[in-house]
Amino acid sequence: MEIQILRGNPSSLFTISPRGKEILHKKSCSIVVRNRFSELQARIRPPSGSSRRAVLRKAASVEVGSTNLSTGVVEKDVLTALSQIIDPDFGTDIVSCGFVKDLVIEESSGEVSFRLELTTPACPIKDMRANEVVAALPWVKKVNVQMSAQPAKHMYAAELPKGLQNISNIIAVSSCKGGVGKSTVAVNLAYTLAGMGAKVGIFDADVYGPSLPTMVSPEDRLLEMNPETGTILPTEYLGVKLVSFGFAGQGRAIMRGPMVSGVINQLLTTAEWGDLDYLVIDMPPGTGDIHLTLCQVVPLTAAVIVTTPQKLSFIDVAKGVRMFSKLKVPCVAVVENMCYFDGDGKRYHPFGKASGDSGMPEVVGDPVGEVARTFQELGVCVVQQCAKIRQSVSTAVTYDQSIKVIRVKVPDSDEEIFLHPATVRRNDRSAQSVDEWTGEQKLQYNDIPDDIEPVEIRPMGNYAVSITWPDGFSQIAPYDQLESMERLVDVPQTLKV
């Protein structure tokens, strides 16, 4: 199996082979494979000579046991040292990211204790020895560091169906073609994430041919309903919550599309998922009604595409990437399945050994094997990209009170633009501002005061923001529309954040 990692532009595919991690170029593929994958590791930014001398001078002036120790000075020394550690996903130091929590300094003994609260259990700085940069301070005698992971919840969780309000990230695993091992990838990815310490659930969205009952072997193979709340109780296997139409006692469905969409909606939104870091959705093949229903009902964080080495399969992959692109769902990885098998001490590449139907995920049955290591690479990629997506979306559109402008920097764009709040409000295209039938403009220019300011700006998925105005109106502003509005020029650069 090989993993191809998409970063930003779906036309750039990075290939990792499990042995040697060579970069492969697929000439027969309709999507060009280029660039080189580099391991995501935390990097310590060495301070410049002058700043390093300044830090050392400050540290040297603080002596353990001295009566003139300043708490503010020693705390600043610790935070300055920790700010040398850069998170490679966000490109910002861990102090600015807000990772440093519960900082306690015992001045008399020179002991420093703090907690690093990471945004994901697979954060790239997880293995960074932060105690070393703090222990380098001359007055520090002992450092205690605790690691924890607390994925951020959706900012608009209250607007989601009740069953989905406590899920941090929703990952769609899709193929657009049947028989490529999509369910195998979805299940093994889920158990890889669980092995990293995350709370995970799997939703089998294939009603016509559910695969989850074959892939796992839970003790209770039937879904139950809570008689008091009317909600569905997921079954569990090895700590991962599972929901599938195959566990409903119906086997495979024989029904038309609208009925299937209703079943999918009910199973997904009424299940008691509880607090989850990741919900992995095993999507059915194709790009039809069920895919559109899922994208409308749930805020998908990202998508993983599964394919095989054949050109025909790659053509469908390109179709799937375009579908998710239109739905504003980032594709963070492409898994090329069945690309080889081993026999007689040799490796053959026509098709691989299909595994995963034994009732136990491959990564659980052989946690140190080659397949498990491959899925570990995929799991790290997925969680890091999800964290990066959430960070970029949360800061894409903000209001700068100091200069009274709306700042817009959409994901995957290096350009930051500035908009006047009144311009944004006057360009609302909802039914309240524009007649849906005639296209007549109901909201007039003078209806909006020039000094209007937004009350709140919240992300809406990966494609828009919701802006609340003083009159109580909630405006949905897609990124594409914001980028097409009249921009402000000559904005004071010295006040930029």
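Student: How many aromatic pairs does the structure hold?

Tutor: In this predicted model, the structure holds one aromatic pair. Y191 and Y237 form the pair, with 6.2 Å from centre to centre and 75° between the planes.

Student: Is the geometry of Y191 and Y237 stacked or edge-to-face?

Tutor: Planes over 60 degrees apart count as edge-to-face. At 75°, the pair of Y191 and Y237 is edge-to-face.

Student: Which parts does the pair tie together?

Tutor: Y191 lies in helix α4, residues 182-195, and Y237 lies in strand β13, residues 235-237, so the pair ties together parts that are 46 residues apart in sequence.

Student: Are Y191 and Y237 buried or exposed?

Tutor: Buried means under 20% relative accessible area. Y191 has 6% relative accessibility and counts as buried. Y237, with a relative accessible area of 12%, is buried as well.

Student: What sits over the ring of Y445?

Tutor: A charge over a ring is read from its distance to the ring centre and its angle to the ring normal. Here the charged end of R426 sits over the Y445 ring, 3.8 Å from the ring's centre.

Student: How many helices and strands does the protein have?

Tutor: The protein has twelve helices and 25 strands. Among contacts with a separation of 6 or more, 66% come from residues 24 or more positions apart.

Student: What share of the residues counts as buried, and what supplies the exposed area?

Tutor: Of the protein's 497 residues, 48% count as buried. The protein exposes about 24,100 Å², and carbon and sulfur atoms supply 50% of that area.

Note on methods: Residues numbered from 1 in each chain as written. Predicted model: local features only at pLDDT ≥ 70, side-chain atom pairs only at ≥ 80, totals over all residues. Heavy atoms only, no water. Helix = DSSP H or I, 4+ residues; strand = E, 2+ residues; numbered from the N terminus. Buried < 20%, exposed > 50% of the residue type's maximum accessible area, 1.4 Å probe, protein only. Contact = heavy atoms within 4.5 Å. Areas by Shrake-Rupley, 256 points an atom, 1.4 Å probe, with all protein chains shown as cover. Phe/Tyr/Trp six-rings, centres within 6.5 Å; stacked < 30°, edge-to-face > 60°. Lys NZ or Arg CZ within 6 Å of the ring centre and 35° of its normal.
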